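This briefing goes through the strands, helices and chain contact of one model, grouped by topic. Please keep the sequence and the structure at hand while reading.

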Amino acid sequence: MLRKLALGGIRARFRDYAVLFSGLVIASAVFYMFMTMATNKAFLASNSPISATPVIFGFGTVLLVIITTVYIVYANTFLMSMRQRDYAMFMMLGAKSGKIAQLIFLETVAVGLGAAAVGVVVGTGLTAVAGSIFLGMLHAPATHFAVLWLPAVIATFAFFLAMFVIAAFVNAARLLKTPVLNLLHATTLPNRIQQKRWVLALQAVLAVVLLAIGYWIMGKLMNFGVPAIGIALVTIVLGTYFLFNALLVWAIGLLRRNRRFAARGLHTFTLGQLSFRLRDYTKILAVVAMLFALALGAITVGLGFKDAIPEMAKQQGKYDLVLMAPNASAKQSAAKLTGVAKKVTYRERVVGKTVYLNAAELDAKRLDLVLYRGPGKVVEQAVTGQNFAKYQDEGYSQLQAFKLPGEESFKVVSEAAFAKLSGSTRTAVAYQLKDIGANYDRIDALLTAQNKRYKIESADQSGQKFVTYALINSMFGGLAFMGFFLGLAFLAMLASTLMFKILSGASFDAARYLMLQKIGVRQGLLRKSVRQEIGALFAFPAGLGMVHVLFGLQMFNGLLQHPYQGLLLPFGIFLVLYAVYYGLTVWLYESIVIKKDLAA
Amino acid sequence: MQTQPVVAVDNVTKTYGKANEKQYQALKGVTFDVQPGEFVGIMGASGSGKTTLLNILSTLDRPTSGHVAINGQDVTKLRGNRLSDFRAKQVGFIFQDFNLLENLTARENIALPMALQNAGAKAQQAAVDKVAATLGIAGVLDHYPTELSGGQKQRVAAARALMQEPAILFGDEPTGALDSQSARDLLDTMQHLNQEQGVSILLVTHDPFSASYASRILFIKDGQVGTELRHAGKSQEAFYQEILNTLGTFQK
């Protein structure tokens with residue numbers, strides 16, 4: 001009987017339960033995705049050149065636990081708000097409090113375990129899909145990366161079970177303490193802003209101080225080391241929360257008191273809705289701001305690492321691939337290289353251990369070299385027949401690719417002299433490509449074949465830029481992979497958090513919108529109010545989240561040469577996704593609260 | 001010359017259910033007028049069709065056939081924004097469950113219809129203060145609905161309904177959720193508005209006492225208007241007794 005009652009409640013409010021359950025599933029899926037990395041020591045060690053990576057993931061775990069806890073606490077409150085009327089009804093019908101406690105326990109834990117189970121499945125699927133897409137995109141080795149990772153499964157279940165068992169006890173205790181009558185009429189609570197002015201002021205000051213400390217210490221990572229990340233974590237999380245609590249309550253109050261603004265159109269209503277929300281929203285908005293910062297930060301840094309790979313490789317030479325006397329199959333394969341910016345063929349003649357080049361040919365087709373001029377500084381030099389000898393030593397390692405093992409030096413001679421040399425002519429075909437990464441597999445195959453053919457056994461002998469590229473790729477590719485993967489996971493969680501919060505209140509809001517329609521408010525005006533209200537809830541955390549990222553990028557000063565370069569792309573992509581997501585939320589919300597049939 | 005009726009209902013029917021499904025006719029041809037300054041009561045048992053009728057009169061629902069004109073305008077032909085605007089300007093509502101916005105103070109709730117017309121803040125305040133004084137709620141304007149008693153809430157709702165000086169004020173069991181003293185106060189106020197300020201009122205109720213405040217009562221049964229009673233100079237006690245007697249025979 002009890003089971004029937006508990007499950008019957010779920011059927012009756014299917015849409016609300018669907019919102020609740022899908023939100024929790026995403027939360028546990030993201031938790032699982034994060035844990036596949038955080039609990040996989042071998043993966044972290046082999047994919048990050050930074051020794052502190054496990055510690056950083058430890059902090060990340062703490063942050064994610066805080067975020068997920070806020071989410072679960074909120075979800076639990078929502079679950080209780082849906083159920084307490086029913087529980088009160090059962091009590092009125094004579095159910096004993098022990099039975100009710102049992103019922104609550106059963107239901108809460110079932111929801112938690114169900115969410116964890118489905119979440120692990122969804123998380124595994126997302127890990128598999130995202131993993132294979134990003135690994136293919138980055139050619140990252142990502143050794144030890146596991147899609148189904150048992151410690152992560154255990155961690156997810158343990159965390160969700162623990163949280164929901166605690167929640168179940170709290171629910172039961174709270175419910176049994178509240179008088180039945182209050183439970184029956186719990187939906188209409190008074191909503192005066194209770195906070196005192198000086199408390200708000202104190203919070204505002206604290207917020208600014210805490211955020212300043214957090215922002216400052218992220219720039220001093222070099223001086224303070226890993227503990228700086230911990231300090232930044234605490235100060236920024238608290239600062240974000242206080243800022244939303246103090247500043248927004250104050251700002252909305254100010255707008256409401258500004259009669260000239262508030263008295264126009266539906267402004268009072270929109271502001272009323274917002275302040276109605278803001279108080280119970282501050283925690284969620286703080287969480288959303290953190291998730292926004294984490295997702296955007298992870299994607300920005302991931303893209304930064306991805307871009308750093310060709311950027312650093314560029315300093316190693318101009319030619320992305322040099323084919324020595326390519327045979328038919330090599331020629332055929334090389335013809336399929338994409339984005340060829342420049343292709344030059346030089347004729348060479350080898351006499352003894354010297355490689356001879358034709359001066360006239362070099363004049364006509366200059367050879368591009370990159371010359372090192374101090375840390376992080378290089379200049380490009382086009383070499384002709386005349387100045388070849390001058391730059392030969394400086395460009396030694398780059399010219400290595402134009403000769404084969406056993407050959408020692410280059411010599412440039414006039415066209416006439418070149419023609420007279422004994423021995424046959426061989427060609428060296430040099431390619432400059434727009435994107436090495438896009439041709440990664442082809443170049444890899446071509447060079448493997450060439451190395452085998454000429455018995456090239458070391459990177460020094462090869463002299464190919466690709467060798468360096470692959471080396472940097474193996475160092476940064478793993479980090480880029482982590483960035484994209486976690487960025488995606490946090491983005492999913494961000495989306496689900498905001499949508500969950502907004503849609504979970506929609507049933508209560510529907511009555512208000514119906515009322516407004518009845519007293520003759522145009523639908524267009526109502527839709528505008530919805531767009532403004534949800535827009536504010538999306539915009540506040542996005543703004544603060546972006547500021548967090550801009551300061552947080554300082555942490556990567558040591559790792560990336562230009563952490564602040566090319567921010568437009570990740571920010572742009574992210575904001576477009578966020579805007580699409582905003583549109584979707586508005587559409588869903590409007591379909592719930594704006595009714596066609598007013599008589600119902 | 002007879003004045004134009006403020007509400008003219010002409011042979012209105014309402015059928016629920018699609019053509020090929022099981023149909024139910026809630027209204028079977030209702031015809032009546034409300035003259036300017038009248039206080040009309042509509043009585044009927046549960047399921048008699050009075051809520052359907054009120055929904056159609058107040059433009060929340062459309063009749064299957066027939067016409068409803070408010071202030072000379074056929075409301076069954078209005079759509080979209082024009083319908084919303086008509087509702088905002090010509091029709092005032094008081095609902096049984098108040099329908100106040102609990103996220104706004106009483107003052108903001110009352111000012112809302114004017115704010116929607118983008119009236120100036122000062123004009124709004126002045127209008128709110130004036131109507132609040134009439135209804136005796138000047139002291140509670142800065143409270144939220146949850147902080148008000150049922151009677152106060154209903155007065156706030158009435159104030160909001162009167163802000164636009166509507167052609168007609170519709171009441172849907174406005175005393176249904178009030179204690180007897182608050183109900184009496186609200187009805188006295190409505191009678192005052194009707195007699196002193198000439199506000200036309202149409203009150204739907206099944207409570208004989210509320211109905212006894214009306215100047216004319218229409219009894220509705222099984223989707224049709226049956227008996228009609230007129231106050232016509234009788235004392236309220238006598239009229240109340242007459243209603244009770246009519247109900248006694250009418251329900252059979």
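Predicted model: local features only at pLDDT ≥ 70, side-chain atom pairs only at ≥ 80, totals over all residues.

Two strands are taken to pair if DSSP finds at least two bridges between them. With that criterion in place, G171(B) stands opposite L203(B) in strand 8 of chain B.

- Chain B holds an open sheet of six strands with mixed pairing, and the order of its strands is 6-7-8-3-9-10.
- Strand 6 and strand 10 (224-230) of chain B are the edges of this sheet and have a single partner strand each, so one side of each is left without a neighbour in the sheet.
- From one strand to the next, the twist of this sheet averages 20°.
- Strand 6 (residues 91-94) of chain B sends V91(B) and F93(B) one way and G92(B) and I94(B) the other way, and all of these residues are buried.
- Strand 6 of chain B runs parallel to strand 7 (residues 168-172) of chain B, to which it is joined by four bridges, and within this pair F93(B) stands opposite F170(B).
- Strand 7 of chain B is in turn joined by four bridges to strand 8 of chain B, again in a parallel arrangement.

**Strand 8 of chain B**

- Strand 8 (residues 201-205) of chain B is mostly covered, since five of its five residues are buried.
- I201(B), L203(B) and T205(B) point one way from strand 8 of chain B, whereas L202(B) and V204(B) point the other way.
- In a regular strand the side chains alternate between the two faces of the sheet.
- Five bridges connect strand 8 of chain B to strand 3 (residues 39-43) of chain B, and the two strands run parallel.
- Between these two strands, V40(B) has L202(B) as its bridge partner, and I42(B) has V204(B) as its bridge partner.

**A helix pair in chain B**

- Two packed helices are described by the angle between their axes and the distance between the axes.
- The axes of helix 4 (residues 121-135) of chain B and helix 5 (residues 150-162) of chain B come within 10 Å and cross at roughly 135°.
- Helix 4 of chain B and helix 5 of chain B are therefore oblique to each other, and their crossing is right-handed.
- On the side of helix 4 of chain B, V131(B), A132(B) and L135(B) take part in the contact, and they meet R155(B), A158(B), A159(B) and L162(B) of helix 5 of chain B.
- Sorted by class, the residues of this helix contact are six nonpolar, no polar and one charged.

**The sheet of chain A**

- Chain A holds an open sheet of five strands, also with mixed pairing, in the order 1-7-2-3-6.
- Strand 1 (321-324) and strand 6 (409-413) of chain A are the edge strands, and each of them pairs on one side only.
- The twist of this sheet averages 30° from one strand to the next.
- Strand 2 (residues 340-351) of chain A and strand 7 (residues 425-433) of chain A run antiparallel and are joined by nine bridges.
- V351(A) has T354(A) in strand 3 of chain A as its bridge partner.
- The hairpin of strand 2 and strand 3 of chain A has two residues between the strands, and in this hairpin G352(A) takes a positive phi near 65°.

**The contact between the chains**

- Chain A brings 27 residues into contact with 26 residues of chain B.
- Helix 11 (259-262), helix 12 (267-313), helix 21 (506-518) and helix 22 (523-552) of chain A each supply at least two residues to the side of chain A that touches chain B.
- Helix 12 of chain A gives the most to that side, with five residues.
- By class, the residues of the side of chain A that touches chain B comprise eleven nonpolar, nine polar and seven charged.

Notes: Residues numbered from 1 in each chain as written. Chains lettered and ligands numbered in written order. Buried ≥ 20, exposed ≤ 12 C-beta atoms within 10 Å, placed from the backbone. Contact = placed C-beta atoms within 7 Å. Nonpolar A, V, L, I, M, F, W, Y, C, P; charged D, E, K, R; others polar. Axes fitted to C-alpha atoms, helices over the stretch in contact; angles between N-to-C directions. Parallel < 35°, antiparallel > 145°, perpendicular 65-115°, else oblique. Left-handed = near helix turned anticlockwise from the far one by under 90°.
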